[in-house]
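Colleague: Could you take me through the labels you put on this model? I'd like to hear what stands behind each one.

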Amino acid sequence: MTRTNKRYHSILRTGVFYVLLLGLWSCSANKLLKEGQYYYNGADIVYSTDSLSKSQKKQLKEVLEPLIRPIPNKKLLGNRLKVWFYKKAGDPTNEKSLRYWMKNKLGEPPVYMTDVNAERSAKFLKNALENNGFFQAAVEGDTILKRNEGKAQYKIDVGPRYFIRNVVLLPDSSELSEYVKQAKESSLIKTGDAYNFETIKAERERIDGILKEKGYYLFNSDYLLMKVDSTVGDQKVDIATVLKRETPSSALKPWFIDSIFIYADYDPSQDSIKVDSSQWNKSYYVIDPENKYKPKVFDRTIFLSSGERYNRTDHNKTLNRLVNVGTFRFVRNRFEELSSYNDSGHLNSYYYLVNAKRRSARFEGTGKTTSANFGGIEFNLNWRNRNTFRSAEQLFINLFGGLDVQFGGQNKGYNIYRVGMD
């Protein structure tokens, strides 16, 4: 490329850039503002101390920024183009009109400074700081207006951060407490860590999971109360895990599986379920009047056993296996609490299995041409039979074939056939 051509293309690119810039300026949403209106242009967080390191400020930014509302309109080259589309479209009622499409697809509602509630956002930020161990934090919200837009500003005095000194897990000597204490080494709340509310919530869920594995079917993480004592001094806290007073006695005892009932061909439209045709197999009853399934199907899918403690892992594994067998369209499970006659509870477990359509077929056909003067057709016939030999097997048969015919060229009339089966 010659020097003259390079110069020409440079002038052309510059001209196009300024034309686009002029077009964007002519579509400025600022021109559509009414008197006294200001667009919201985001928020700034200002710390009143330099005691925080860059990494600490970055961590707090990730926590605090998502809490600030509202979210300002995005800009393109300094212009709120989506707001311009939204306002220029007016108030169309016809969903098929161009103006309706422009307003709802290209545009977005404007966000004004009147939508900003700095005081409310300041409370959210203060609460988030307290949840991260800054118990003495103070947040002050304000707004700043300039020309056609404004910003919110939040001045934050984080204060000292509190760290964990001692952790006590369920001080009583019950069996439930012993299970929790045995798993103390894997506790998420550790001495020396900074206080964090989300960690405390996760610890409650962890303890709940441990107890669910030990048979405490009716226990709930909401029954745990984490008492935080921040008065021990030296920016330290002690955390004690206790049970709430309103915790029901049924949640404090282990539950055992009494009987397991499997409805192998459940019909949701039935008003009542008969168990007269049930058959006992090892540790469960199978209700299968038409004998569609062999018992071994459930030997490899049911992990709960009669007489054993409830276990959430086995519970979930059973449901996953039944869903993945491939012959059931719908799987539902429920537990029935039996009248307690000792210090442990007993559950009946019910599995309702809705069968998928046993046989299905699908046909696919395509036509094609190629640059080598070939034209042809292809077909696929897929046939599936679920529960072929009553053990939840799935038989797939795929018949395929094709014909290619050459209409021109030196191999005219030379045809290619294909046929096969999987």
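What follows is a short talk about those labels.

Modeller: First, the ground rules: this is a predicted model, where local features need pLDDT of at least 70, side-chain atom pairs count only at pLDDT 80 or more, and totals for chains, interfaces and linings use all residues. Residues are numbered from 1 along each chain as its sequence is written, and side-chain values use heavy atoms, with hydrogens and water left out.

Colleague: Why are α2 and α5 called oblique to each other?

Modeller: The axes of α2 (residues 54–64) and α5 (residues 118–131) cross at roughly 125 degrees and come within 10 Å. Under 35 degrees is roughly parallel, over 145 roughly antiparallel, 65 to 115 roughly perpendicular and the rest oblique, so α2 and α5 are oblique.

Colleague: Which residues of α2 and α5 make the contact?

Modeller: Leu60, Val63 and Leu64 of α2 meet Leu125, Ala128 and Leu129 of α5, contact being heavy atoms within 4.5 Å.

Colleague: What makes Tyr162 buried?

Modeller: Its relative accessible area is 8%. Buried means under 20%, exposed over 50% and partly exposed in between, with a 1.4 Å probe and protein chains only, so Tyr162 is buried. Tyr162 is found in the loop between β3 (149–157) and β4 (163–169).

Colleague: What joins the side chains of Tyr162 and Gln136?

Modeller: A polar contact of 2.7 Å. The term needs a pair of N or O atoms within 3.5 Å, and within protein one must be able to donate a hydrogen and the other to accept it.

Methods
Axes are lines fitted to C-alpha atoms, for helices over the stretch in contact, and angles run from 0 to 180 degrees between N-to-C directions. Helices (H or I, at least four residues) and strands (E, at least two) are DSSP runs, numbered from the N terminus.
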